[in-house]
Amino acid sequence: MNRVKCLLCPRECELVNGERGDCRARMNIDGNLKTLVYGRPCAVHVDPIEKKPLFHYLPGTGSFSIATAGCNLHCMYCQNWEISQREPEHTRNMVLEPEEVIRQALDANCRTIAYTYSEPVIFFEYASDTARLAHERGLLNVWVTAAYINPGPLEEAVKFVDAANIDLKGITDKFYRTVTKGTLQPVLQAIKTMKSSGVWVELTNLVVPTYNDTREDFSRLCDWVVENVGVEVPVHFSRFWPMFQLKNLPPTPIEVLTRARDIAMSKGIHYVYVGNVPGHDGNNTYCPVCKNIVIKRRGYMILEYNIVGGKCKFCSHAIPGRWE
Amino acid sequence: MRSKDRLFIFLSIVLIILFIASLLEQMSISTSSERSIRPQAEDISGVLIKLEEANLEPQEARFYRVINE
């Protein structure tokens, strides 16, 4: 029986008959590569879009969120490991074909469909068919992704992905190899490609104590952002919570997240957020010119909204994003 | 033997046991993580039955190349 080589992600798994890829969601069946998760999400929820997190994209709207089992990374701290690190036959799945996803999203008055929780790359076929239908019905598509994807599939994805929150998990290859079992360069390239293709991009860096929490880590990451995607790309520093294989670590100290934000702002990045810490100043969006709060938040909740026609209500400075 | 000495020996044994337990736990985590990364080829008929039982319907994937043998 023929072997197959999956070309979806940089792992490029070569699989003999009956063998699965690293992602657990794709398998060689009789010499053909099959996706095992098409139309079978194991998580379906309506979330505030702020939960993705996307803070500059249709704020205050609901996002119909789906995920299937599997992932092509194996992060030691994965916050959703119960679904991302399991075979699809070991999760509780729904039967939800793309047409039904659209119907339910519209019924729930959502503006977007989010492909999230695990990793949209590994359910590419399901995500792309759903996304095309979504566009036909006036819905937009959001990927929450680690962007560990090959250039060919990515080139296709940017045709139907409207916004993405991309995890930039660290800024060294050593970190990626040690903690995620992946590599850094494909992720950096994918972020640049998405940005240059017109996808609305926000970045998230989960700050893990002792792994990626030094001043140098933050400094290097911010330098890369400024040089490659620009100061207007929002950056979220998220608080780590002990999970999966890193239960031995404490939650990220808040002062470390504040330091990360300060460093990012000192590098000139305009919109820097602190995630998973409700009530932190870093939950808010500030106008970079007049310094007023243009969106006041507590966690995912919007308390004040001072953007009119995409501009700061106080000084008319244009705030990048999609607001209406 | 003084009671102080007995206490010292007892505490030492407890610490050694805890140390060995933590080493074993670490070994178990690293083994299971390596195993989880690359599930090996399986008996295809058994797998297909399992997938069917789980109500999964494998569909043709995109982005791959057949390697003729």
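Trainee: In what sense do strand S4 of chain A and S1(B) pair?

Mentor: Strand S4 (residues 32–35) of chain A and S1(B) pair in the antiparallel sense, over 2 bridges. Strands pair here if DSSP finds at least two bridges between them. Helices (H or I, at least four residues) and strands (E, at least two) are DSSP runs, numbered from the N terminus.

Trainee: And the ground rules for the model?

Mentor: It is a predicted model, where local features need pLDDT of at least 70 and side-chain atom pairs count only at pLDDT 80 or more, while totals for chains, interfaces and linings use all residues. Residues are numbered from 1 along each chain as its sequence is written, and chains are lettered from A and ligands numbered from 1 in the order in which they are written.

Trainee: Back to that pairing. Which residue of S1(B) does Thr35(A) stand opposite?

Mentor: Gln59(B). Lys34(A) stands opposite Glu60(B), also in S1(B). Within chain A, Thr35(A) has Arg26(A) opposite it.

Trainee: How many bridges join S3 of chain A to S4(A)?

Mentor: Strand S3 (residues 26–29) is joined to S4(A) by 4 bridges, and the two run antiparallel. S3(A) and S4(A) form a hairpin with 2 residues between them, and Asp30(A) in the turn has a positive phi of about 55 degrees.

Trainee: What does S1(A) pair with in chain B?

Mentor: S2(B), in the antiparallel sense, over 4 bridges. S1(A) is also joined by 2 bridges to strand S2 (residues 14–15) of chain A, again antiparallel. Lys5(A) stands opposite Arg65(B) in S2(B) and opposite Glu14(A) in S2(A).

Trainee: How many residues does each chain put into the contact?

Mentor: Chain B gives 29 residues and chain A gives 38 (two residues are in contact if their C-beta atoms, placed from the backbone, lie within 7 Å). On the chain B side, helix H1 (3–37), helix H2 (44–53), strand S1 (59–60) and strand S2 (64–67) each supply at least two residues. That side has 15 nonpolar, 6 polar and 8 charged residues. Ala, Val, Leu, Ile, Met, Phe, Trp, Tyr, Cys and Pro count as nonpolar, Asp, Glu, Lys and Arg as charged, and the others, Gly among them, as polar.

Trainee: Why does H2(B) lie largely in the open?

Mentor: Of its 10 residues, 1 is buried, so H2(B) lies largely in the open. Just after H2(B), Asn55(B) takes a positive phi of about 65 degrees.

Trainee: What is the phi of Phe244(A), then?

Mentor: Near 50 degrees, a positive value in a residue other than glycine. Phe244(A) is in the loop between strand S11 (235–239) and helix H8 (254–266) of chain A. With 18 C-beta neighbours inside 10 Å, Phe244(A) counts as partly exposed.

Trainee: Where is Lys291(A)?

Mentor: In the loop between S13 and S14 of chain A. Lys291(A) has a positive phi of about 70 degrees although it is not a glycine, and it is exposed, with 11 other C-beta atoms within 10 Å.

Trainee: In what order do S13, S14 and S15 of chain A form their sheet?

Mentor: S13-S14-S15, an open sheet of 3 strands with antiparallel pairing. The edge strands, S13 (285–286) and S15 (301–305), each pair on one side only. Strand S14 (residues 293–298) is joined to S15(A) by 4 bridges, and Lys296(A) stands opposite Glu304(A) in S15(A).

Technical notes
Buried ≥ 20, exposed ≤ 12 C-beta atoms within 10 Å, placed from the backbone.
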